Amino acid sequence: FKDLCIDATDPEVLARFWAAALGLRAEPMGSAYRLVDKIPEHTLWVNEVPEPRSVKQRVHLDVHVAAVADLIELGAVIVDEAQPWTVLADPEGGELCAFVREPDALPDYRIYELVVDAADPVTIASWWAERYAADVCHDQDQGFSWIDGVSGLPWPMVFSSVPEPKTVKNRIHWDVWGETATFLAAGATLLRGRDDEIGWDVLADPEGNEFC
């Protein structure tokens, strides 16, 4: 694992929100923003894209918070309070889930887990576990699988069953270190090879989730 990336039509606004929400520092990098602390794997890029959010995001962040009101003050709005957690939307409509913690248990870096909607959580979680050389756990009664304890991965990756198919590019994706050929041999798809504009390869996993 290398870092996370979030698409934004207004990177400055979204970077300000997520930096404050996650306990990171926002640094302008051309048209993008880099959110950082002292741990490289905590880095989160907010990158400008022309298209706004149009459908429910298939990748979202669960975050630790002292109070949901803190996120509302930053510009989030409540979407659903029917769960043991609170579903909110960030200033561009991207979903996130807030998990309230006691103040003395609130970490400085506040991503709790990365959640990916999946048609087949067992298969896609197992695929990523193999890429990370990690163990995978399944709760088929609840319809989700997860990867935890990966060296360098600062939070669990959770794959949750949903009925709807993927229709648009994910607005949150992750970057990894590795050899493109190795991922392709394992079943990934090359979406865009490195060229004069980008120095990395863009791929998709077997369920179509983009990663670089």
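Residues are numbered from 1 along each chain as its sequence is written, and side-chain values use heavy atoms, with hydrogens and water left out. Because the model is predicted, local features need pLDDT of at least 70 and side-chain atom pairs count only at pLDDT 80 or more, whereas totals for chains, interfaces and linings use all residues.

Strand β2 (residues 25-29) and β3 run antiparallel and are joined by five bridges, with Y33 in β3 as the bridge partner of P28. The two strands form a hairpin with two residues between them, and G30 in the turn has a positive phi of about 70°. Of the five residues of strand β3 (residues 32-36), four are buried, where buried means under 20% relative accessible area, exposed over 50% and partly exposed in between, for a 1.4 Å probe and protein chains only.

Elsewhere, β1 and β13 pair in the antiparallel sense over four bridges, and D175 in β13 is the bridge partner of D3. In a regular strand the side chains alternate between the two faces of the sheet. In β13, I172 and W174 point one way and H173 and D175 the other way, and all are buried.

Aromatic pairs were assigned to rings of Phe, Tyr and Trp (its six-membered ring) with centres within 6.5 Å, planes under 30 degrees apart counting as stacked, over 60 as edge-to-face and the rest as tilted. By this rule the count comes to 11 aromatic pairs. One of these is the edge-to-face pair of W128 and W174, at 5.4 Å centre to centre with 70° between the planes. W128 lies in helix α3 (residues 121-132) and W174 in strand β13 (residues 172-175), so the pair ties together parts that are 46 residues apart in sequence. Both W128 and W174 are buried. F183 and F211 form a tilted pair, at 5.2 Å centre to centre with 55° between the planes. Since F183 lies in helix α4 (residues 180-185) and F211 in strand β16 (residues 210-211), this pair ties together parts that are 28 residues apart in sequence. F183 counts as buried at 10% relative accessibility, and F211 is buried with a relative accessible area of 1%. One aromatic cluster is formed by W127, W128, Y132, W174, F183 and F211.

A search of the whole structure for cavities (sets of points on a 1 Å grid over the protein atoms alone where a 1.4 Å probe fits but cannot get out) finds one of 30 Å³ or more. About 70 Å³ of space lies in the largest cavity, the volume being the space filled by probe spheres set on the points, with grid points joined across faces, edges and corners. Its lining, defined as residues with an atom within 4 Å of a point, comprises I6, D7, L14, W18, Q57, D90, E92, G94, E95, R171 and I172. At least two lining residues are supplied by each of β1 (3-8) and α1 (11-22).

How values were computed
On a 1 Å grid over the protein atoms alone, a cavity is a set of points where a 1.4 Å probe fits but cannot get out, and a pocket is an open set with protein on both sides within 12 Å along at least five of seven lines; lining residues have an atom within 4 Å of a point. Two strands pair if DSSP finds at least two bridges between them.
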